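This report describes a single protein chain for a reader who meets it here for the first time. Please keep the sequence and the three-dimensional view at hand while reading.

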Amino acid sequence: MSVYVANESGVEIDEVRLARLARHVLDQMGVAPLAELSVMLVDTTAMERLHVQYMGEEGPTDVLAFP
């Protein structure tokens, strides 16, 4: 299972630990071993821009998820 973490938030985070946790959760959920997960951490301004771009809604949101 591939997990990719991109931290563009400006906040220090243990990306290896986050990827390990995500892999564990997906494994416990029985997600197929060939699945991939990408996680991007962004600041509020970037999240608001992405929310408008992909959902057409103003303001930031906590999570944007795509299949």
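Leucine 37 has a relative accessible area of 28%, so it counts as partly exposed; residues are called buried under 20% relative accessible area, exposed over 50% and partly exposed in between, with a 1.4 Å probe and protein chains only. Leucine 37 belongs to strand E2, which covers residues 36–42. Helices (H or I, at least four residues) and strands (E, at least two) are DSSP runs, numbered from the N terminus. Leaving aside neighbours within four places in sequence, leucine 37 is in contact with Ser2, Val3, Tyr4, Ala22 and Leu26, where contact means heavy atoms within 4.5 Å. Between the C-alpha atoms of leucine 37 and serine 2 there are 6.3 Å, although 35 residues separate the two along the chain.

The model is predicted: local features need pLDDT of at least 70, side-chain atom pairs count only at pLDDT 80 or more, and totals for chains, interfaces and linings use all residues. Residues are numbered from 1 along each chain as its sequence is written, and side-chain values use heavy atoms, with hydrogens and water left out.

**The chain as a whole**

Two helices and two strands make up the secondary structure of the chain, and their order along the sequence is β-α-β-α. The C-alpha atoms fill a box of roughly 35 × 25 × 15 Å, taken along the principal axes. Of the 67 residues in the chain, 15% are buried. Among contacts with a separation of 6 or more, 44% join residues 24 or more positions apart.

The chain exposes about 5,300 Å², and carbon and sulfur atoms supply 54% of this area; accessible areas come from the Shrake-Rupley method with a 1.4 Å probe, and for residues only the protein chains shown count as cover. The chain carries 4 positive and 11 negative charges, whose mean positions are 10 Å apart. In this count Lys and Arg are positive and Asp and Glu negative, while His and the chain ends are not counted; each charge is placed at NZ of Lys, CZ of Arg, CG of Asp or CD of Glu.

Valine 3 lies in strand E1 and is buried, because its relative accessibility is 10%. Beyond its neighbours within four places in sequence, valine 3 is in contact with Ala19, Ala22, Arg23, Leu26 and Leu37.

Serine 9 sits in the loop between strand E1 (2–8) and helix H1 (15–28). Its side chain makes a polar contact of 2.6 Å with the side chain of asparagine 7. A polar contact is a pair of N or O atoms within 3.5 Å; within protein, one must be able to donate a hydrogen and the other to accept it, and residues adjacent in sequence count only if both atoms are side-chain atoms. Apart from neighbours within four places in sequence, serine 9 is in contact with Leu41, Val42 and Asp43.

Arginine 17 is placed in helix H1 and is exposed, with a relative accessible area of 58%. From arginine 17 to threonine 44 the C-alpha distance is 23 Å, across 27 residues of sequence.

**Helix H2 and the segment after it**

Methionine 47 lies in helix H2 and is buried at a relative accessible area of 13%. Not counting residues up to four places away in sequence, methionine 47 touches Val42, Pro60, Thr61, Asp62, Val63 and Leu64.

Histidine 51 is also placed in helix H2, and its relative accessibility of 8% makes it buried. Its side chain reaches two backbone oxygens, as tabulated here.

| Side chain | Backbone oxygen | Distance |
|---|---|---|
| Histidine 51 | Glutamate 57 | 3.5 Å |
| Histidine 51 | Glycine 59 | 2.6 Å |

Tyrosine 54 lies in helix H2 (residues 44–55) and phenylalanine 66 in the segment after H2, so the pair ties together parts 12 residues apart in sequence. Tyrosine 54 is partly exposed, at 47% relative accessibility.
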